[in-house]
Amino acid sequence: MAASNTTTSYGTVTKTFHWLTALLIITAIVLGAVANRLPYETNDQLAFKAQLFSYHKTLGVIVFAVALARILWALTQPKPGPLHAERKIETKLAELVHWLLYISLVAVPLTGWIHHAASAGFAPIMLPIGQDLPLVPKSESVSELFAGLHWVWSKIMVGSILLHAAGAIKHQIIDKDATLRRMWFGSGEGPAVPVHKGNLTAPIAAIGIYILATAGGAMAGLYTHETIDASVALEEVSSDWQVTEGDLEITVTQFGSPVTGAFADWTAAITFNPEAEGVLGDVTTTIAIGSLSLGSVTGQAMGADFFNVESFPTATFTADITRGDTDYVADGTLTIKDITVPVTLPFTLTLDGDTAQMSGMVALDRRAFEIGNSINDESTLGFGVGISVNLTATRNAE
């Protein structure tokens with residue numbers, strides 16, 4: 001059997017692409033549908049759900065690569081003509097379904113991949129290509145947009161697959177023709193048919209269906225979602241040093257991959273005299289827990305088993321500032337969920353007149369604050385949590 005197509009039959013390469021794509025995409029659809037419906041109330045449930053989503057995403061990336069290769073190969077090959085060209089409506093419908101499938105095989109995996117790359121955390125892709133994509137920022141709005149597109153367009157894909165399968169069954173059982181046989185291995189030349197003549201009607205109609213479905217998704221609000229603002233309005237603080245800009249970040253390890261987020265709302269009351277002896281000053285930082293953005297796991301982090309933001313909307317770090325062995329140290333306590341734990345934060349400090357730039361990092365154990373008690377397996381969620389703070393402050397005039 002020839003590797004290339006002829007005007008009456010498909011070659012081995014085309015047949016391999018066809019059945020490999022079918023196997024991959026059906027498996028990915030089943031995995032995604034099952035994983036989406038699984039609960040995640042316990043450690044084992046969460047781990048299993050995430051594992052299935054990892055398989056789903058990994059297969060999606062593979063489908064995308066195979067689909068591109070398949071399309072490039074198809075562009076170089078003749079296409080056998082339809083067996084029943086005289087059935088114009090049926091032939092046009094078949095052409096439309098084929099174009100919907102071709103678009104879906106690229107668009108659906110790509111939107112899922114972009115959604116994954118734009119978010120952080122939960123179910124990594126199990127390929128040595130990293131979790132990011134060029135030109136795709138870590139952004140909740142981008143993630144939500146492409147998650148919605150992935151959902152809408154996947155419905156077009158599933159509908160196209162069902163129509164394609166129904167057509168093949170109809171040809172096999174009712175028409176009893178060679179449609180299915182000429183796509184199976186070992187088949188020889190098919191019956192003589194007119195040369196396939198493509199036109200723009202089917203691709204334009206397929207694009208039109210995608211546009212209408214996308215517009216429908218927008219009208220239904222599928223590309224954004226309303227979030228419940230669980231943050232509290234922090235009171236302004238009087239401080240000898242006023243923070244003018246800064247970042248307060250948190251990094252957790254989920255399924256072996258780091259997930260970094262940040263608190264958008266926090267205050268710091270700082271006294272500091274670099275010329276003093278012993279204690280140089282003190283700091284009290286109040287953090288609005290609900291202002292945390294932690295990628296796709298933000299909602300989970302707000303839950304009762306984690307930060308429990310409804311009952312404990314703020315965290316507080318209070319410390320004295322002293323000189324360390326090389327730089328400076330903020331030695332005090334951190335209170336989260338009414339649990340107070342001693343914390344020592346080493347930091348570097350650059351002074352330029354009345355402007356100070358500070359940078360520090362500390363590692364904490366989430367178990368000390370009873371965060372994520374239901375997840376006691378580090379392969380699912382690491383015990384260690386990294387806290388990073390970078391800020392610029394100016395001294396208030398006396």
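**Close-up 1. Lys170 and Asp175 meet in a salt bridge.** In this predicted model, the closest N and O atoms of Lys170 and Asp175 are 2.9 Å apart. Lys170 counts as partly exposed, at 26% relative accessibility. Take in the neighbours too: a network of salt bridges links Lys170 and Asp175 with Arg87 and Glu90. The salt bridge count comes to 8, and two further examples follow in the next views.

**Close-up 2. A salt bridge joins Arg395 to Asp354.** Here the closest N and O atoms are 3.1 Å apart. Arg395 belongs to strand 10 (residues 384–395), while Asp354 sits in the loop between strand 8 (339–352) and strand 9 (355–365), so this pair ties together parts that are 41 residues apart in sequence. Both partners are partly exposed: Arg395 has a relative accessible area of 30%, and Asp354 is at 45%.

**Close-up 3. Arg367 has two partners, Asp365 and the ring of Phe383.** With Asp365, the side chain of Arg367 forms a salt bridge of 2.7 Å, N to O. The charged end of Arg367 also sits over the Phe383 ring, 3.7 Å from its centre. Arg367 is partly exposed, with a relative accessible area of 44%, and Asp365 is partly exposed as well, with 28%.

**Close-up 4. Trp184 and Phe185 pair edge-to-face.** A search of the whole structure finds 9 aromatic pairs. In the one between Trp184 and Phe185, the rings lie 5.6 Å centre to centre, with 70° between the planes. Trp184 is partly exposed at 47% relative accessible area, and Phe185 is partly exposed at 34%.

**Close-up 5. Phe263 and Phe307 form an edge-to-face pair.** Their ring centres are 6.4 Å apart and their planes make an angle of 80°. This pair links distant parts of the chain, 44 residues apart: Phe263 is in strand 2 (residues 257–263), and Phe307 is in the loop between helix 6 (298–302) and strand 6 (314–323). Both Phe263 and Phe307 are buried. For another aromatic stop, look to the cluster in which ring pairs link Trp241, Phe272, Tyr328 and Phe347.

**Close-up 6. The Thr298 side chain meets the backbone of Leu294.** A polar atom of the Thr298 side chain lies 2.6 Å from the backbone nitrogen of Leu294. Thr298 is found in helix 6 and is buried, with a relative accessible area of 14%.

**Close-up 7. Ile26, Val30 and Val34 make a nonpolar surface patch.** Together these residues have about 240 Å² of accessible area. Val30 is in helix 1 (residues 12–37) and is partly exposed, with a relative accessible area of 45%.

How values were computed: Residues are numbered from 1 along each chain as its sequence is written. Side-chain values use heavy atoms; hydrogens and water are left out. Patches are made of residues with over 30% relative accessible area and no salt bridge: like charges are joined within 9 Å, nonpolar side chains (Val, Leu, Ile, Met, Phe, Trp, Tyr) within 5 Å. Accessible areas come from the Shrake-Rupley method with a 1.4 Å probe; for residues, only the protein chains shown count as cover. A salt bridge is a side-chain nitrogen of Lys or Arg within 4 Å of a carboxyl oxygen of Asp or Glu. Helices (H or I, at least four residues) and strands (E, at least two) are DSSP runs, numbered from the N terminus. Buried means under 20% relative accessible area, exposed over 50%, partly exposed in between (1.4 Å probe, protein chains only). Rings of Phe, Tyr and Trp (its six-membered ring) pair if their centres lie within 6.5 Å; planes under 30 degrees apart count as stacked, over 60 as edge-to-face and the rest as tilted. A charge sits over a ring if NZ of Lys or CZ of Arg is within 6 Å of the ring centre and within 35 degrees of the ring normal. A polar contact is a pair of N or O atoms within 3.5 Å; within protein, one must be able to donate a hydrogen and the other to accept it, and residues adjacent in sequence count only if both atoms are side-chain atoms.
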